Amino acid sequence: MAPTAGPDPARSIATLGPDGFRRDIHSLVAIYLAAMDYPREIAPQRTALWVEHSRRVGFDARVARDADGDPIGLAYGYRGAPGQWWFSEIARGLGSTTAPVLHDFFELTELHIRPDHQGHGLGESLLRSLAAPRPERRMLLSTPEGENRAWRLYRRLGFTDVLRHYRFTGDARPFGILGRELPLAVADGAAGH
């Protein structure tokens with residue numbers, strides 16, 4: 001299906017708890033693979049990792065579905081904490097496990113939209129829905145460096161640099177680590193619409 005102009009009204013966003021997330025995990029990983037243009041061979045490794053993530057404190061997920069109920073987008077994360085790989089990697093980049101930015105944060109772990117549904121504001125809707133109930137002080141995320149829709153979305157919503165051109169252990173690609181205080185106000189990003 002080719003993208004259409006304007007908003008895509010045939011969709012809904014629902015909360016997925018850990019059990020629902022694990023139940024739908026194969027279709028959610030398929031969205032990730034399509035959005036990132038990754039080979040299907042990495043699905044088992046990614047599935048196992050996401051199952052482990054769903055067991056973390058503060059786990060929360062949102063899924064967008066089309067009119068037929070098929071998933072077309074997802075966002076999830078959990079409360080960041082010492083002992084987690086991502087926390088340790090960011091602490092390494094900052095040179096401190098006690099950096100203020102690493103205190104009381106929600107890690108936006110994944111945000112992906114199926115390619116045929118990108119460009120209609122669905123990523124922003126998922127991110128806002130996920131961020132709205134969070135009790136943490138801030139949200140942090142990592143995204144590959146480069147001008148793209150994800151960067152434009154995060155900048156429009158007020159995410160600022162924590163680290164730039166950061167290289168995670170085992171990955172040669174440069175990443176931007178971005179963060180912002182919570183909550184996301186309704187006006188945040190309104191100028192970009």
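**Salt bridges, buried and partly exposed**

Modeller: Let's start with D60, which is buried, with a relative accessible area of 10%. Keep in mind that this is a predicted model.

Colleague: Which residue does D60 form a salt bridge with?

Modeller: With R62. Their closest N and O atoms are 2.7 Å apart.

Colleague: And R62, buried or exposed?

Modeller: Buried. R62 has a relative accessible area of 6%, and the cut-off for buried is under 20%.

Colleague: How many salt bridges are there in total?

Modeller: The count comes to 21.

Colleague: Let's switch to R114. What does R114 pair with?

Modeller: D116, in a salt bridge. The closest N and O atoms lie 2.8 Å apart.

Colleague: Why does R114 count as partly exposed?

Modeller: Because its relative accessibility is 21%, and buried means under 20%. D116 is buried, at 17%.

Colleague: What about R156?

Modeller: The R156 side chain meets that of E124 in a salt bridge, 2.9 Å from N to O. This pair links distant parts of the chain, 32 residues apart.

Colleague: Which helices are they in?

Modeller: R156 is in helix α6, residues 149-156. E124 is in helix α5, residues 122-131.

Colleague: How accessible are R156 and E124?

Modeller: R156 is partly exposed, with a relative accessible area of 29%. E124 is buried, at 7%.

Colleague: Last one. Which residues do shared partners join into one network?

Modeller: D60, R62, R79, D104, R134 and E136. Salt bridges that share partners connect them.

Conventions: Residues numbered from 1 in each chain as written. Predicted model: local features only at pLDDT ≥ 70, side-chain atom pairs only at ≥ 80, totals over all residues. Heavy atoms only, no water. Salt bridge = Lys/Arg side-chain N within 4 Å of Asp/Glu carboxyl O. Buried < 20%, exposed > 50% of the residue type's maximum accessible area, 1.4 Å probe, protein only. Helix = DSSP H or I, 4+ residues; strand = E, 2+ residues; numbered from the N terminus.
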